[in-house]
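Biologist: Please take a close look at one part of this chain for me. I would like the loop and its surroundings in one connected account.

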Amino acid sequence: MQASGKRLQQFIQDFLTYSALETGGLKMHYATGTSTSASPMFAACVDSLSGKGLALYFLANDKLPEFPLDSPSWSA
């Protein structure tokens, strides 16, 4: 029940953030020079979906290129 409550809380927070972005209440700040490999991100996605009745497999590949990310900082 605690895990479900946390998921609901995160969903509500994501929805409120999206609503604020749509109405112009928040602006995104982009960081330059931040990048990461796709392998850890794909592995985290597979891990988050494990135990949900899905059979997903991801074989990490160190040859995947890095890609730029934006910063999670916001301003009102």
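**The loop and what lies around it**

Modeller: Leu56 sits in the loop between α2 (38–49) and β3. This is a predicted model. Leu56 has 41% relative accessibility, so it counts as partly exposed; the buried class ends under 20% and the exposed class begins over 50%.

Next, the partners. Which residues does Leu56 touch, once neighbours within four places in sequence are set aside? The contacts are Val46 and Leu49. Both numbers fall in α2, which spans 38–49. Ala43 gives a distance to go with this. Ala43 and Leu56 are 13 residues apart along the chain, and their C-alpha atoms are separated by 10.0 Å.

The loop leads on to β3. Strand β3 covers residues 66–68, and Pro68 belongs to it. Is Pro68 buried or exposed? Pro68 counts as exposed because its relative accessibility is 69%, and the exposed class begins over 50%. Thr36 is 32 residues away along the chain, yet the C-alpha atoms of Pro68 and Thr36 are 6.8 Å apart.

Of the contacts in the chain with a separation of 6 or more, 78% join residues 24 or more positions apart. The chain holds 2 helices and 4 strands. Their order from the N terminus is α-β-β-α-β-β. Buried residues are 11% of the 76 residues. The accessible surface is about 6500 Å², and carbon and sulfur atoms hold 62% of that surface.

Now α1, for context. Its 22 residues reach 32 Å from first C-alpha to last, close to the 32 Å expected at 1.5 Å a residue. Leu8 lies in this helix, which covers residues 2–23. Leu8 is also part of a nonpolar surface patch with Phe11, Ile12, Phe15 and Leu16. Together the five have about 530 Å² of accessible area. The spacing has a simple reading. An α-helix has 3.6 residues a turn, so residues three or four places apart point the same way. Just after α1, Gly24 takes a positive phi of about 85 degrees.

Last, confidence. The mean pLDDT of the chain is 76, and 79% of the residues score at least 70. Confidence is highest in α1, at 87. It is lowest in strand β4 (residues 74–75), at a mean of 49.

Technical notes. Residues are numbered from 1 along each chain as its sequence is written. This is a predicted model: local features need pLDDT of at least 70, side-chain atom pairs count only at pLDDT 80 or more; totals for chains, interfaces and linings use all residues. Side-chain values use heavy atoms; hydrogens and water are left out. Buried means under 20% relative accessible area, exposed over 50%, partly exposed in between (1.4 Å probe, protein chains only). Contact means heavy atoms within 4.5 Å. Accessible areas come from the Shrake-Rupley method with a 1.4 Å probe; for residues, only the protein chains shown count as cover. Patches are made of residues with over 30% relative accessible area and no salt bridge: like charges are joined within 9 Å, nonpolar side chains (Val, Leu, Ile, Met, Phe, Trp, Tyr) within 5 Å. A salt bridge is a side-chain nitrogen of Lys or Arg within 4 Å of a carboxyl oxygen of Asp or Glu. The expected span of a helix is 1.5 Å times one less than its number of residues. pLDDT is the predictor's confidence in each residue, from 0 to 100.
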